[in-house]
Amino acid sequence: MNWNLDITIDELFEDRVSEEWLRRVVGRVMTAEKVDYPAELSLLITGDDTMRKLNRKYRGIDRTTDVLSFAFQEESDFPALPGGAVQLGEVIISFPQASRQSEDHGHSLNFEMAVLTIHGVLHLLGYNHENDKEEQMMRTREAEILAKLTA
């Protein structure tokens, strides 16, 4: 494993989120995407208030959302230090929104957390959904990774 994952879970949700499961999900994405270089990323599980503030500040949308990704490679021209890890960025997930979505879709909360984590990490690795073609490519990749994870 060439990558390092820092997970922060808001204390309100610590007893309802499996850090081990999230690590497994991120590991599956990194393996599927053949990340064979030293890399670091962060995952934050938070509440709707924090998510709404971030969504408003960075996207101009004044409501909560399920997942946000901040890819550091897109935002900086600063090169990685020789032999140092690539800072991929941060994925932020709203636990309450994930919980609502799992109920709406009729699947487990762990499954929904996996869907959102995969989506967020793929954004850090350069996937996007700015147009129909990109969105289809990203959705297909998400489904492939999810199928391997739940097999």
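Predicted model: local features only at pLDDT ≥ 70, side-chain atom pairs only at ≥ 80, totals over all residues.

Student: How many nonpolar, polar and charged residues has the contact of H1 with H6?

Tutor: Ala, Val, Leu, Ile and Trp are among the residue types that count as nonpolar, while Lys and Arg are among those that count as charged. By class, the contact of H1 with H6 holds six nonpolar, no polar and four charged residues.

Student: Are H1 and H6 parallel or oblique to each other?

Tutor: Two packed helices are described by the angle between their axes and the distance between the axes. The axes of H1 and H6 come within 10 Å and cross at roughly 125°. Angles of 65 to 115 degrees count as roughly perpendicular and those over 145 as roughly antiparallel. H1 and H6 are therefore oblique.

Student: At roughly what angle do the axes of H5 and H6 cross?

Tutor: H5 comprises residues 109-124, and its axis comes within 10 Å of that of H6. H5 passes H6 in a right-handed crossing. The angle at which the two axes cross is roughly 130°.

Student: Is His-119 buried or exposed?

Tutor: His-119 is placed in helix H5. Leaving out residues up to four places away in sequence, His-119 touches Val-67, His-129, Met-138, Arg-139 and Glu-142. A residue counts as buried under 20% relative accessible area. Because the relative accessible area of His-119 is 10%, His-119 is buried.

Student: Which residue has its backbone oxygen 2.9 Å from a polar atom of the side chain of Asn-55?

Tutor: Asn-55 lies in helix H2, residues 48-59. At 1% relative accessibility, Asn-55 counts as buried. Apart from neighbours within four places in sequence, Asn-55 is in contact with several residues, including Gly-60, Ile-61 and Thr-64. The backbone oxygen at 2.9 Å from the polar side-chain atom belongs to Arg-63.

Notes:
Residues numbered from 1 in each chain as written. Heavy atoms only, no water. Helix = DSSP H or I, 4+ residues; strand = E, 2+ residues; numbered from the N terminus. Buried < 20%, exposed > 50% of the residue type's maximum accessible area, 1.4 Å probe, protein only. Polar contact = N/O pair within 3.5 Å; in protein donor to acceptor, adjacent residues only side chain to side chain. Contact = heavy atoms within 4.5 Å. Axes fitted to C-alpha atoms, helices over the stretch in contact; angles between N-to-C directions. Parallel < 35°, antiparallel > 145°, perpendicular 65-115°, else oblique. Left-handed = near helix turned anticlockwise from the far one by under 90°.
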